[in-house]
Amino acid sequence: MNLSENPTRGDGLNDIYRQSFVDNGPLPAITDFTTGRTLTYSDMARRIARLHLFFEAAGLRPGDKIALLGKNTPTWICVFMASVTYGTVIVPILHDFSPADAAHIINHSDARVLFVSQSIWDHLEFDRLPELIAVVSLDSRKIIAERRPDLARFVRNLSRAFSRRYPSGFGPSDIRYAPRANDDTAIINYTSGTTGFSKGVMLTYDNLAGNVAFGIRSRLHYQGSRALSFLPLAHAYGCAFDMLVPLAVGSHVTVLGRTPTPSLLLKALAQVRPNLVICVPMILEKIYRKMIVPMITKKPVRWILAVPMLDRAVYSRIRARLVEAFGGEFEEVIIGGAPLNPEVEEFLYRIKFPFTVGYGMTECGPLISYTPWREFMPGSAGHALTGFMEARILSDERTPGQGEILVKGQNVMKGYYKNPDATEATLEADGWLHTGDMGHLGGYDDQTIFIRGRYKTMILSANGQNIYPEEIEAKLNNMPYVAESLVVERDGRLVALVYPDCEVMDCERVSHEQLDPIMEENRVELNKIVAPYEQISRIQLVSEEFKKTPKRSIKRFLYK
């Protein structure tokens, strides 16, 4: 089946990967940025076949669960793909989860085997993971704990078993993956939401196929294209578009495998020169505040920007610097995972930087909407994926046309694992998924999505107005010496909690004693640009960064 011709169904997803490994055998598939070591597609297929032998020896059957816990590495990717092509259910766990949360997920998911980085395993206790029959190190690929003594012996002799299985050597004709039904669960992906409760999202082979098919049809990746993977692959966004789509078409994925600090990321982008950049807003926002704001606030530059025609030359130079910073050879930058600051978005759009904003959630594996950058509408989160997804609004009677965004289509999850109540509350019987996001629809066919904020964070004012704190925070975060902020309701009034930007303060020699009057100026300026019912009564400084999920979203429930 050619998904690019018939992209609406997910039959034969495993055959897509079988065909990719056969067709792209000698091409580079994965490179470890740190070591420079590269696996070709043939190498990957061979590693997957070895893992399948181990799964057989462990007695794993289709539907059994395999937990995967560690940073992005080529081995991490091979384990993930081996599980999908074997028919077991992979449970990727963000490496930033606490040991207690990770242990809970391993147990809750009924995982039988755990693949884990040694540094993480040192903080877990095997006795508290009673369902596991074996733990395998992602670093050494050896058994580091087991309840089946024969498995460690099998792993030590795996090369011998592999030779017996493939006496003539492993070749393209030996790459065979059993087909899976569309509704079979492929992944249980535990959310890292801001409400304090992690739910296991069951994504089917059909859900994966919808995301992969859209990526193929849109040529986000293509044979021989280059990708730099620096987002966590355990999260649905990076998983789909830094791994699943590239490996389906023969792209070359370089895995950063380390925390993407600005200096490391710029070095990697310059070296890899990716053809597509998948990133989260924080990266662009940091570049904007550190590199662009100091440039455009200088008096000579402000004067030039006020003169028609002259401003174009300045914008062109800024655009060229940004393009080169991202490697210089990409078609576009796709921003997702969180809202993009409106001020940053407006500036990038003004200078014609090739970016677009997509919208998704783990429950859709993840993609819901996307628009190519040349068609992108500022303020939007893209167009619902034609042929895959559709959207509608559950209107608020006070604000016709606005309300909770509901979506339906191929990418929508099967449900939450062992949580029928949460599934029923989120997923309608007719397939419509409650996203929990508030907004409206627009565009030529009312399928372009505009998001205002989360339903659970919305504040109802005394006069009945809906207040979306994210919109206020986006404005406040661009003001002097504000690193991040959180708007909360206290005694019927809005208060902004602010964690100051200590790095900028140090550079500009601003003391903490000077912050109170500066923040009061920020408050006055902020209240000039928000609606009357969004006025901030005071700014309260906090001494520590806000507690965040592994996805770097603020845990709002801690500050209510």
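Reader: Which residues is His221 in contact with, leaving aside its neighbours within four places in sequence?

Author: In this predicted model, His221 is in contact with Gly215, Ala227, Phe241, Val245, Pro246, Val249, Ser251 and Leu276. His221 itself sits in the loop between helix H8 (205-217) and strand S10 (226-229).

Reader: Why is His221 called buried?

Author: Its relative accessible area is 3%. Buried means under 20%, so His221 is buried.

Reader: Why are H2 and H7 called roughly perpendicular?

Author: The axes of H2 (residues 41-57) and H7 (residues 158-165) cross at roughly 100°. Angles of 65 to 115 degrees count as roughly perpendicular, so H2 and H7 are roughly perpendicular to each other. Their axes come within 10 Å.

Reader: Which residues of H2 and H7 meet?

Author: Arg46, Ala49, Arg50, Leu53 and Glu56 in H2 meet Leu158, Ser159, Ala161, Phe162 and Arg165 in H7. Five of the contact's residues are nonpolar, one is polar and four are charged.

Reader: How do you know that the buried residues of H14 line one face of the helix?

Author: The buried residues of H14 (residues 342-350) are Val344, Glu345, Phe347 and Leu348. Down the helix axis they fall within an arc of 165°, so they line one face.

Reader: What caps the N-terminal end of H14?

Author: Asn341 does, with a side-chain oxygen 2.9 Å from the backbone nitrogen of Glu343. After H14 comes Lys352, with a positive phi near 65°.

Definitions and conventions: Residues are numbered from 1 along each chain as its sequence is written. This is a predicted model: local features need pLDDT of at least 70, side-chain atom pairs count only at pLDDT 80 or more; totals for chains, interfaces and linings use all residues. Side-chain values use heavy atoms; hydrogens and water are left out. Axes are lines fitted to C-alpha atoms, for helices over the stretch in contact, and angles run from 0 to 180 degrees between N-to-C directions. Helices (H or I, at least four residues) and strands (E, at least two) are DSSP runs, numbered from the N terminus. Angles under 35 degrees count as roughly parallel, over 145 as roughly antiparallel, 65 to 115 as roughly perpendicular and the rest as oblique. Contact means heavy atoms within 4.5 Å. Ala, Val, Leu, Ile, Met, Phe, Trp, Tyr, Cys and Pro count as nonpolar, Asp, Glu, Lys and Arg as charged, and the others, Gly among them, as polar. Buried means under 20% relative accessible area, exposed over 50%, partly exposed in between (1.4 Å probe, protein chains only). The arc is that of the directions from the helix axis to the C-beta atoms. A polar contact is a pair of N or O atoms within 3.5 Å; within protein, one must be able to donate a hydrogen and the other to accept it, and residues adjacent in sequence count only if both atoms are side-chain atoms.
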